[in-house]
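Reader: I am new to this structure and would like a close look at a single part of it. Please keep the answer plain and connected.

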Amino acid sequence: MEAKLKNQVTEFIRKNLRWIILLLCIVVFWEILENIFQNEIGRFDNAIYSVVSQHITPMTTTIFKIITNLGGAIVILVVTLCILLFVKDKKYGIYVTINLVVITLINQILKNIIQRPRPTEFRIIDEVGYSFPSGHSMVSMAFYGFLIYLTYKNVQNKYLKWISCIILSILIILIGISRIYLGVHYASDVIGGFCFSIGYLIIFTKIIKKDS
């Protein structure tokens with residue numbers, strides 16, 4: 001009886017994993033947002049920054065400046081244009097473009113509704129606009145995360161597939177860390193952006209799958 005119940009639970013999780021992850025993302029995002037409005041997130045953000053700030057060096061700063069630009073508008077637009085021009089199946093270029101436009105618009109809407117000021121104490125680079133959720137983190141997770149999805153679904157060579165997915169995953173994480181390191185976002189901005197985009201990708205890829 002116990003083994004049967006365990007198998008049923010395992011099967012339920014397997015079949016509904018994407019929706020469980022979506023629910024977790026919603027809960028985390030909402031919890032962060034609630035703590036921001038109640039001014040209860042500062043201790044967490046300061047604790048994360050205190051860890052990151054211990055590794056500030058001229059070399060590390062140069063590296064993170066490069067990494068953060070990989071999540072910026074210029075690089076992402078160039079990658080999108082290359083996909084539109086050089087990928088034979090044009091529907092993927094259209095999907096990538098729609099994904100980028102939608103997540104960018106959502107990010108700007110959320111920023112202007114929430115209006116959280118950026119951190120000012122430890123700025124290494126200048127940045128304008130509101131802080132939550134982090135645009136670089138949110139857009140990078142949605143953009144490069146969608147490329148991970150397309151790579152996993154379409155690349156036949158398993159070594160190339162997994163190497164590409166791992167590299168893109170590491171890039172997403174490093175872009176998020178770079179925003180904290182450079183002092184233009186709180187850790188909660190980055191985590192909130194990641195959570196929103198993971199949840200968004202679950203819905204977006206489901207729609208794409210039906211349309212494909």
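Are aspartate 189 and arginine 116 buried or exposed?

Author: Aspartate 189 is buried, and arginine 116 is buried as well. Buried here means under 20% relative accessible area, exposed means over 50%, and partly exposed covers what lies in between (1.4 Å probe, protein chains only). The model is predicted, with local features requiring a pLDDT of at least 70 and side-chain atom pairs counted only at pLDDT 80 or more, while totals for chains, interfaces and linings use all residues. Residues are numbered from 1 along each chain as its sequence is written, and side-chain values use heavy atoms, with hydrogens and water left out.

The two residues also form a salt bridge, in which the closest N and O atoms of aspartate 189 and arginine 116 are 2.7 Å apart. The term stands for a side-chain nitrogen of Lys or Arg within 4 Å of a carboxyl oxygen of Asp or Glu. This pair joins distant parts of the chain: aspartate 189 belongs to helix α9 (residues 187-211), arginine 116 to the loop between α6 and α7, and 73 residues separate them. Helices are DSSP runs (H or I, at least four residues), as are strands (E, at least two), numbered from the N terminus.

Arginine 116 has a further partner, aspartate 45, with a salt bridge of 3.0 Å from N to O. That pair again links distant parts of the chain, since arginine 116 sits in the loop between α6 (90-114) and α7 (135-154) and aspartate 45 in helix α3 (residues 42-53), 71 residues apart. Arginine 116 counts as buried because its relative accessibility is 9%. Aspartate 45, at 3%, counts as buried too. Side chains of opposite charge can pair when their charged atoms come close.

Helix α3 has 12 residues, and from its first C-alpha to its last it reaches 16 Å, close to the 16 Å expected at 1.5 Å a residue; the expected span is 1.5 Å times one less than the number of residues. Its buried residues are Asp45, Tyr49 and Val52. These residues lie on the same side of α3, because they cover an arc of only 55° around the axis, the arc being that of the directions from the helix axis to the C-beta atoms.

Just after α6, glutamine 115 takes a positive phi of about 55°.

The loop between α6 and α7 holds another charged partner. A search of the whole structure finds 3 salt bridges, and one of them joins glutamate 127 to arginine 179, with the closest N and O atoms 2.7 Å apart. Here, too, distant parts of the chain are linked: glutamate 127 is in the loop between α6 and α7 and arginine 179 is in helix α8 (residues 158-181), 52 residues away. Glutamate 127 is partly exposed, with a relative accessible area of 27%, whereas arginine 179 counts as buried at 1%.

Aspartate 126 lies in the loop between α6 and α7 and counts as exposed, at 73% relative accessibility. Its C-alpha atom is 9.0 Å from that of glycine 183, although 57 residues along the chain lie between the two positions.

In helix α8, where arginine 179 was placed, there is also serine 178. At 0% relative accessibility, serine 178 counts as buried. Not counting residues up to four places away in sequence, serine 178 touches Phe64, Ile67 and Thr68, where contact means heavy atoms within 4.5 Å.

Glycine 135 has its place in helix α7 and counts as buried at 15%. Leaving aside neighbours within four places in sequence, glycine 135 is in contact with Asn107, Lys111, Ser140 and His185. The C-alpha atoms of glycine 135 and asparagine 107 are separated by 6.2 Å, with the residues 28 apart along the chain.
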